[in-house]
Amino acid sequence: MIHKEVAQIISISKNMVVLTGAGCSVESGVPDFRSPSGWWNQIDPRTVATVKALETNYPLFHSFYTTRVNHLRKILPHAGHAILARWEQVGHIKLITTQNVDGLHQAAGSSHVQELHGSIKEFRCHSCRKATDEEAFVNERPCQCGGKLRPSIVLFGENLPNDAWQRSMAAIESADVVMVIGTSLQVHPVNQLPFITKGKLILINAEETGQEDRFDFFLRGKAAETLLLIQHYMEK
Ligand code: NAD
């Protein structure tokens, strides 16, 4: 059974990197972007998570992100997040690099996390970049400079944080295993990251991404369920 084989590989790994996407948070109740069921209020979020929307349609941008911020207050990490935190504690995982902005890996206890698309738990002015807080954003207060407040996430059309990118590249290059969880592998340039490794490549995803041939193992399934099954075999 493929899960057993993957469990054996992880058991001896001391250098694993995990790359996660929106699908890794779905079982916590956070919708993803590409599954039609993940779309918010009939709006395709990919048209709102943009610099253009922020600059030309702030009411829509603000309402979309206020809904997300409020929703995330009630969200907790799931059993899969806890398993990843445990694998870090026992020395299998050296880094989680994530496209998610929800902070669920840190909430579950992982401490080596790079946020490639920023964090929705932090806020700043779009114009002068001065840091602000959630309350000011939700209440639509303008910055002292007159600029618009926004979450400190990477919108479509913006560059990735260089430090997180460089650290993730270095870790993946030297990893013995790279596990990719819950991403459609469509968002550039993160979709290129896994393939710079010389280690074993494992993909866990609820559906095919079209990239399965590039992985050593494809475990089709939900993130938490699949991680629980792997953990079960590691304990046998
Ligand atoms: P995506 O929505 O493009 O793809 C998610 C993938 O996860 C899909 O292939 C889907 O089949 C799969 N999936 C859905 N449920 C799953 C589950 N329970 N277990 C495993 N796989 C599951 O997501 P992406 O590739 O991460 O790109 C979307 C962009 O939107 C990213 O830039 C990300 O920053 C942002 N985003 C973040 C969050 C979050 O922070 N939780 C949520 C939505 C979108």
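Which backbone nitrogen does the side chain of T98 reach at 2.9 Å? Keep that in mind as you open the viewer. This is a predicted model, in which local features need pLDDT of at least 70 and side-chain atom pairs count only at pLDDT 80 or more, while totals for chains, interfaces and linings use all residues. Residues are numbered from 1 along each chain as its sequence is written, and side-chain values use heavy atoms, with hydrogens and water left out.

**Stop 1: T98**

Select T98 in strand β2, residues 93-98 (strands are DSSP runs of E with at least two residues, helices are runs of H or I with at least four, and both are numbered from the N terminus). Its side chain reaches the backbone nitrogen of N100 at 2.9 Å. T98 counts as buried because its relative accessibility is 2% (buried means under 20% relative accessible area, exposed over 50%, partly exposed in between, with a 1.4 Å probe and protein chains only). Now show T20, H105, V113, Q114, E115, L116 and H117: T98 is in contact with these, leaving aside neighbours within four places in sequence (contact means heavy atoms within 4.5 Å).

**Stop 2: W87**

Next, pick W87 in helix α4, residues 79-89. At 1% relative accessibility, W87 is also classed as buried. Beyond neighbours within four places in sequence, W87 has contacts that include I10, M16, M179, L227, I230 and M234. For a distance check, select C145 too: 58 residues separate it from W87 along the chain, and their C-alpha atoms are 45 Å apart.

**Stop 3: α4 against α8**

Colour α4 and α8, whose axes come within 8 Å and cross at roughly 45° (axes are lines fitted to C-alpha atoms, for helices over the stretch in contact, and angles run from 0 to 180 degrees between N-to-C directions). That angle makes α4 oblique to α8 (under 35 degrees is roughly parallel, over 145 roughly antiparallel, 65 to 115 roughly perpendicular, and the rest oblique). From α4, show A79, G80, I83, L84, R86 and W87, which meet A224, L227, L228, I230, Q231, M234 and E235 of α8.

**Stop 4: α1 against α8**

Finally, bring in α1 (residues 2-11) with α8 (residues 223-235); their axes come within 8 Å and cross at roughly 70°. The two helices are therefore roughly perpendicular to each other. To see the contact, select H3, K4, V6, A7, I10 and S11 in α1, along with T226, L229, I230, Y233 and M234 in α8.

Methods: A polar contact is a pair of N or O atoms within 3.5 Å; within protein, one must be able to donate a hydrogen and the other to accept it, and residues adjacent in sequence count only if both atoms are side-chain atoms.
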